[in-house]
Protein chains: 2
Amino acid sequence: MRLSRYFLPVLKENPAEAQIVSHRLMLRAGMIKQSSAGIYSWLPLGYKVLKNIEKIVHEEQVKAGHIPMLMPTLQSADLWRESGRYDDYGQEMLRIKDRHDRDMLYGPTNEELITDIFRSHVNSYKDLPLTLYHIQWKFRDEVRPRFGVMRGREFLMKDGYNFDLTKEDALHAYNRHLVTYLRTYERMGLQAIPMRADGGPIGGDYTHEFLVLAETGESEVFYDSEITDLKFGSRDIDFDSVEECQAVLEEFTSRYARTDETHDEAVFNEVPEERRRTARGIEVGQIFYFGTKYSEAMNATVVDNEGNKVPVHMGSHGIGVSRLLGAIIEASHDENGIIWPEGVTPFHCGIVNLKQGDAEADAACDALYKSLTALGLEPLYDDRNERAGGKFATMDLIGLPWRITVGPRGLKNGVVELTSRRTGESEELPPEQAVEKIAQIYASL
Amino acid sequence: MRLSRYFLPVLKENPAEAQIVSHRLMLRAGMIKQSSAGIYSWLPLGYKVLKNIEKIVHEEQVKAGHIPMLMPTLQSADLWRESGRYDDYGQEMLRIKDRHDRDMLYGPTNEELITDIFRSHVNSYKDLPLTLYHIQWKFRDEVRPRFGVMRGREFLMKDGYNFDLTKEDALHAYNRHLVTYLRTYERMGLQAIPMRADGGPIGGDYTHEFLVLAETGESEVFYDSEITDLKFGSRDIDFDSVEECQAVLEEFTSRYARTDETHDEAVFNEVPEERRRTARGIEVGQIFYFGTKYSEAMNATVVDNEGNKVPVHMGSHGIGVSRLLGAIIEASHDENGIIWPEGVTPFHCGIVNLKQGDAEADAACDALYKSLTALGLEPLYDDRNERAGGKFATMDLIGLPWRITVGPRGLKNGVVELTSRRTGESEELPPEQAVEKIAQIYASL
């Protein structure tokens, strides 16, 4: 993309309304624009990152055999009356009356709707196991929406639901989700730690939240420092293997890691003192096994191999897709702007032309642009008539991980400059080598 | 995908509520499930086609230099009061009050919101031309939602908005959209004819609707039969060239083609009698130049090169993404089910194992599955223990354009059967040749 043809409305000043750095940087980098309290338009740059995050979430779910679909944003209140949650859910549920005065709502989550789909179509244990998921906009009418997309009202979430014959099968589905989530967050450049979560009114031990460590996190977290040494990496997991998935769960959850909601000082004190850590974290996902709560309330049963009708065991598993943009920026920025991890960056690299209009510099930039594009990479070429300082500031602000700087002086020596946004380090090298290096970096992801 | 692990709840019986064939077939093929009147869940098969259609729409917009972004579903009523449409819009607009009693609405379209974004960030003619678009769910509270996704209440639409300095520039944007739409529909296997549309209260000649001919179409259409001979094909268009885009407009709109809303019997009668056609059509898109209507009402101006503040010239351009599934099925089906055009098919081909459990047949199917997958194709392998007749019926119903049938008798002779869903014709050939043929078909798209 040529910047002269793009829509990238960066702001010079810090917006007064933004209290945390991710919100500030998303506004300044022209990624989002508030349309009303807690509701945002995703400007082109923000939209690109959102799609990249969505793509990673999809890919990792599909690898595990989970099936994508899509439920609507608006739901009838009837199903929520059936589950008993219509009255339980407070003012955070946006209630709507249509023109025929029917009670509708903007879905804050989808347990009822998916259970209704399941019970309409599945009757036999032979059709299990089944995990369906979707990535769809949700609405929670927060009293005080704040922190930009971190606590918005209209937000994008991946929510998946497993249906299994037995508790054992459902716990395997739970473990599968844990595995996919570890890999999902790592691909986004995040370390998200699974922490024992509060089961809430449903109770039970089978729920973990995934938290990204960041100073601005809403939750206080307590953990054994050994846990931050764990990496999931690119392991090849057989998602049908109960043992393999269970082993990952044990590896990643056996050390102490809890939020303030489940923290137990006595247990924490058993961790050697030098490994005890207290920090703040941002919740970016949660997995949950809740047994037959909804299947019993809503009569979602299958016939088992002995001919008995039994309620299915279910769980739900969520990833905060739009919230992740904020979390990634909270975890990866400096005083000049965002630093995108390669896995989610909106453009693979920037090209800065130090002397726009200079025939040689323009030709070199065009050639770089073509070479990168031919390799399937997407560069953002700053081809505006701007001072070099202004171009660098924009590139730093929007946070592309790699920048190629092209100027007449370097070209005389046959080189361009390749700069890492993260380290700030630069090296001079011939244009074709810069292209090759960038291609290698992305090929290795 | 192995069918035994998929969620494809096909129905044997014709659902009573479905009046038209696309609605009936989408329900029967397990593509959608109604969740409340005019609101649908997209089951896995339907979701896949929806995503394929979305992808084509995106690709063709991006080729023309139009920039993707995303606006939210819920909007504040304030902007609509500013444009004057809040009161004009009738009961089709879903009006909502949030917990603070603020007036909100579920966007039926986005002229106001995009104009607000534009005026907040663009001030100079140097930032023009600019065309922004998104694909987002909309809501229109129809009195009588019907025909499945053809006239639903919650529906997915691509809407794009151009901002230009002059009427001339805006008409070039109009022509660009016409070009992209022609190619978009052709890639989906549709012939969509641009027909002169009614400008409505805004007036003006600059609006065309795109109609797909189908017996169940809601509109009566009148056209010169020469128009159905036109093909856009794979022309390489320079979207910056005013002349090239204008020439396409002229080629595709110079013959008589109108809906009942703009039909003029006297003009129609000038078409030679043997070329006059009357038929029914389904509207699948519309392009519209409306000048400064919104920019004046909402004060969206730029400073021109003489320093004058002038309102920008705008247009809006829509494609009914979810509706297109219905339109494609209306245009392409037979008594046994759907016939997907290759461009949008949910799976590239089906594999039917005539003797599940037979070691040789199973191995041959597995090998086919692997070969196709290795070529980037996605087969649907019916690996269930079902009668051949049931498997064929399911494949015909869900409409994959190609089917490979594998059975012990053929394997003895080293062949499988490749069948075209459209023609019903079969040929026997070695498995590797069947794979190659399918790969060629999709590579040529």
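Entry 1, terms and ground rules. I call a residue buried under 20% relative accessible area, exposed over 50% and partly exposed in between, using a 1.4 Å probe and protein chains only. By that rule B:Asp98 is buried, at 5% relative accessibility. The model is predicted, so I took local features only at pLDDT of at least 70 and side-chain atom pairs only at pLDDT 80 or more, while totals for chains, interfaces and linings use all residues. Residues are numbered from 1 along each chain as its sequence is written, chains are lettered from A and ligands numbered from 1 in the order in which they are written, and side-chain values use heavy atoms, with hydrogens and water left out.

I looked up how chain B sits on chain A. The copies are superposed by least squares on the C-alpha atoms of residues with pLDDT of at least 70 in both. A rotation of 180° with 0.0 Å of shift along its axis brings chain B onto chain A, with an RMSD of 0.0 Å. That is the relation of a two-fold axis. In chain B the C-alpha nearest the axis belongs to B:Ile96, 3.0 Å from it.

I counted contacts (heavy atoms within 4.5 Å). On that count 55 residues of chain B touch 55 residues of chain A. Of the interface residues of chain B, 100% are also interface residues in chain A, so the copies meet through the same surface. For buried area I used the accessible area (1.4 Å probe) that two parts lose on being put together, summed over both. Chain B and chain A bury about 4800 Å² between them, and 61% of that is on carbon and sulfur atoms. In chain B, the residues that lose the most area to chain A are B:Phe7, B:Leu70 and B:Arg99, together 15% of what that side buries.

I then looked for salt bridges (a side-chain nitrogen of Lys or Arg within 4 Å of a carboxyl oxygen of Asp or Glu). There are six across the interface of chain B and chain A. B:Asp116 forms a salt bridge with A:Lys33, with the closest N and O atoms 3.9 Å apart. I also noted polar contacts, pairs of N or O atoms within 3.5 Å; within protein, one must be able to donate a hydrogen and the other to accept it, and residues adjacent in sequence count only if both atoms are side-chain atoms. Between chain B and chain A, 22 residue pairs are in polar contact, both residues at pLDDT 80 or more.

The bounds come from an automatic or database domain assignment. It gives chain A domain 1 (9-337) and domain 2 (347-443). Their centres, taken over C-alpha atoms, are 38 Å apart. The contact takes 11 residues from domain 1 of chain A and eight residues from domain 2 of chain A. The two domains bury about 790 Å² between them, 59% of it on carbon and sulfur atoms. On the side of domain 1 of chain A, A:Leu45, A:Lys48 and A:Asn336 lose the most area to domain 2 of chain A, together 47% of what that side buries.

I found two salt bridges between these domains. The side chains of A:Asp334 and A:Arg421 meet in a salt bridge at 2.8 Å, N to O.

A:Asn162 is buried, with a relative accessible area of 1%. Its side chain reaches the backbone nitrogen of A:Gly315 at 2.9 Å. A polar contact of 2.9 Å also joins the side chains of A:Asn162 and A:His317.

I count 65 salt bridges over all chains of the structure. A:Arg275 and A:Glu226 meet through their side chains at 3.3 Å, N to O. A:Arg275 lies in the loop between helix H8 (265-268) and strand E13 (276-291) of chain A, and A:Glu226 in the loop between strand E11 (219-224) and helix H7 (242-253) of chain A, so the pair ties together parts 49 residues apart in sequence. In chain B, B:Arg102 forms a salt bridge with B:Asp98, the closest N and O atoms being 2.9 Å apart. B:Arg102 is partly exposed at 35%.

Notes:
Helices (H or I, at least four residues) and strands (E, at least two) are DSSP runs, numbered from the N terminus.
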